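Reader: I have a model open here. Can you walk me through the packing and the charged pairs?
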Amino acid sequence: MLKLNHITKHYQDFTLDCSLEVNPGFVTGLVGPNGAGKSTTFKAALGLIHTDAGSIEWFGRKVSAPGPAMKQEIGVVLSESGFSEYLTVRDIVPILQSLYPRFQKEAFLKNCDRFRIPPDKKIQSFSTGMKVRLKVLTAMSYQARILLLDEPTAGLDVLARQDLTDMLREYMEGEDRSILISSHISSDLEGLCDDIYLISGGRTILHEDTDILLGKYGVLKVSDDQFASLDRQYILRTVKEPYGYRCLTDEKQFYVENYPKIIVENGSIDDTIMLMVKGDVLK
C-alpha cells in the first residue's frame, strides 16, 4: 500500500530519515516520543512537504506525491486538519460529494448518527471527541483503500477512544484495506496494530510484529552483580537504575529459563519506547 525508503528531510535542528512499509490488510502503528518525526513522516508521504532524498511508493508506484486519482484511495486525518467550525455535518456533505465520486452519503450520515455526531449543529460546538470521530468517518466515507491517521486519539477520553477503535476495526473488515496510525496511547496500538515502527530522532530504530513485541520482549531487572554475569547476546538496551539495571530483551524466555533468580517482566509498547529511546546499546 505504502512504502517509504529512507525518506529524508533536513531542517535546521532536525533531520528525518525514515523507512517503513504498510502492507495490504495490515494496521501499522508508528510510535515515538514528541518531536520524533511522526507528523513529518505523514506529511512527507502525502507530498505536503518537499523531501531531500529517498523514495515513496503508493500502491506499488513510485511517486513524489499522490496525484488526484491516487488521493481518492487515501483517507487522511492530520492533527491540525479539520473543517471550518462554522459548518454543520449537512453543510459538508455536498463538499464531500463534489470531491469524492465514491462518497457514500447515506452510510456517512448513518454512521454520524450511530457515533453521536449531530448533523445540524455547527462543528464549533462539538467536543474534541466528536470532532475526531467526524474526521475519521469522513476519511472512511469514500471507500479509501488506506487510512493515514496522525495522533487521532490525542486528547480523547476512554469512551471516545473505544468508539474510534470500533470504527477502525469495522473499516478493516473491507477487502484490501490498510491503516497507518500514530499514537502516544500504547493500549490503543496493542489491541489494534499488526506491526509497529518506533521512530526516534527522525530515524526508524525498531520494527516488530505486535504479537512478537508483546510475547517475546521483556524487561529484566538485575543487580550490578547479576548484570556482570548476564549473557548479553539478547539484550537490546540497558538503563542504569539505583538498584542496578533495567534491560530490554527480545528473547524473554531465554532469561526466564537460564536465570531463575532475576526479575523478568513482560514487555509493553511503553517499555519498548522508553528503553529503546533512553537506553544504552551494549558494546
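This is a predicted model: local features need pLDDT of at least 70, side-chain atom pairs count only at pLDDT 80 or more; totals for chains, interfaces and linings use all residues.

Reader: Which residue forms a salt bridge with Lys-216?
Author: Glu-251 does, with the closest N and O atoms 3.1 Å apart. Glu-251 sits in the loop between strand S13 and helix H10, while Lys-216 is in helix H8. They are 35 residues apart.

Reader: And Glu-251, what is its relative accessible area?
Author: 25%, so Glu-251 is partly exposed.

Reader: Which residues do salt bridges with shared partners join into one network?
Author: Arg-116, Arg-133 and Asp-163. Within it, the side chains of Asp-163 and Arg-133 meet at 3.9 Å, N to O. Asp-163 belongs to helix H6 and Arg-133 to helix H5.

Reader: Is Arg-133 buried or exposed?
Author: Buried, at 7% relative accessible area. Asp-163 is buried too, at 11%.

Reader: How many salt bridges does the structure hold?
Author: 13.

Reader: Switching to packing. How many residues does the largest nonpolar core have?
Author: 50. Phe-108, Leu-134 and Leu-147 are among those with the most contacts inside it. Helix H5 gives the most to this core, with seven residues.

Reader: What does Leu-147 touch, leaving out residues up to four places away in sequence?
Author: Its contacts include Ala-139, Met-140, Leu-168, Tyr-171 and Ile-179.

Reader: What does the second, separate core include?
Author: Among its 28 residues are Leu-16, Leu-20, Phe-59 and Met-70.

Key
Residues are numbered from 1 along each chain as its sequence is written. Side-chain values use heavy atoms; hydrogens and water are left out. A nonpolar core is a set of buried Ala, Val, Leu, Ile, Met, Phe, Trp, Tyr and Cys residues joined through side-chain atoms within 4.5 Å. Buried means under 20% relative accessible area, exposed over 50%, partly exposed in between (1.4 Å probe, protein chains only). Helices (H or I, at least four residues) and strands (E, at least two) are DSSP runs, numbered from the N terminus. Contact means heavy atoms within 4.5 Å. A salt bridge is a side-chain nitrogen of Lys or Arg within 4 Å of a carboxyl oxygen of Asp or Glu.
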